[in-house]
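Please examine the model shown below.

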Amino acid sequence: QVQLVESGGGSVQAGGSLRLSCAASGYTYSSYCLGWFRQAPGKEREGVAAIYSRGGTTYYADSVKGRFTISQDNAKNTLYLQMSSLKPEDTAMYYCAADPAPTRRNCSPSRLTDFTYWGQGTQVTVSS
């Protein structure tokens with residue numbers, strides 16, 4: 001059973017930066033699509049970024065391109081989301097998720113329902 005634990009959330013002023021981490025355990029497949037998602041109060045959960053564990057191909061939502069960077073440290077089984085130039089509209093609960101994936105064909109932050117394993121989330125608040 002894959003377990004995911006997020007950390008690194010907090011409060012920051014607009015224009016600031018934060019790095020989120022997602023520690024994973026229990027991987028049993030050779031490759032995964034790993035993603036970051038967020039949900040603001042009263043809104044649906046949306047995809048932010050994804051990375052294919054084998055090869056490191058990355059995918060981003062248009063709203064965060066150029067500001068957020070997803071990365072992984074395979075030795076530590078840890079997923080990261082570096083967030084820069086933060087805006088008040090980035091305020092949300094951020095979740096990491098994993099989906100066993102033999103190929104990167106369908107790895108995308110837009111395919112939210114494909115992800116099997118989810119963390120509990122970490123709150124990010126950006127003030128203006």
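On a 1 Å grid over the protein atoms alone, a cavity is a set of points where a 1.4 Å probe fits but cannot get out, whereas a pocket is an open set with protein on both sides within 12 Å along at least five of seven lines; residues count as lining when they have an atom within 4 Å of a point. Grid points are joined across faces, edges and corners, and a volume is the space filled by probe spheres set on the points. The model is predicted, and local features need pLDDT of at least 70, side-chain atom pairs count only at pLDDT 80 or more, and totals for chains, interfaces and linings use all residues. Residues are numbered from 1 along each chain as its sequence is written, and side-chain values use heavy atoms, with hydrogens and water left out.

The search finds one cavity of 30 Å³ or more, and the volume of the largest cavity is about 40 Å³. Its lining consists of L4, C22, A24, Y27, L34, L79, C96, A97 and A98. Strands β3 and β9 are the elements that give two or more residues to this lining; β9 gives the most, with three residues. By class, the lining has nine nonpolar, no polar and no charged residues (Ala, Val, Leu, Ile, Met, Phe, Trp, Tyr, Cys and Pro count as nonpolar, Asp, Glu, Lys and Arg as charged, and the others, Gly among them, as polar).

The largest pocket holds about 160 Å³ of space. It is lined by 14 residues, of which Y27, S53, Q72, N74 and N77 are the closest to its centre. At least two lining residues come from each of β4, β7 (68-73) and β8 (78-83). In this pocket the lining divides into six nonpolar, seven polar and one charged.

How many helices and strands are there in the protein chain? The chain has zero helices and eleven strands, where helices (H or I, at least four residues) and strands (E, at least two) are DSSP runs, numbered from the N terminus. The C-alpha atoms fill a box of roughly 40 × 25 × 25 Å along the principal axes. Of the 128 residues, 43% count as buried, a term that means under 20% relative accessible area, with exposed meaning over 50% and partly exposed in between (1.4 Å probe, protein chains only). Among contacts with a separation of 6 or more, 59% are between residues 24 or more positions apart; contact means heavy atoms within 4.5 Å.

The chain also contains two disulfides, each defined as a pair of cysteine sulfur atoms within 2.5 Å. One is formed by C22 and C96, with sulfur atoms 2.0 Å apart. This pair links distant parts of the chain, as C22 is in strand β3 (residues 18-25) and C96 in strand β9 (residues 92-100), 74 residues apart. The link of C22 and C96 is right-handed, with 60° about the S-S bond. C22 is buried at a relative accessible area of 2%, and C96 is buried at 0%. Both C22 and C96 are among the residues that line the largest cavity.

The other disulfide joins C33 to C107, with an S to S distance of 2.1 Å. C33 lies in strand β4 (residues 32-39) and C107 in the loop between β9 and β10 (117-118), so this bond ties together parts 74 residues apart in sequence. The link of C33 and C107 is right-handed as well, with 80° about the S-S bond, and both cysteines are buried. With bonded cysteines counted along the chain, the disulfides follow the pattern 1-3, 2-4.
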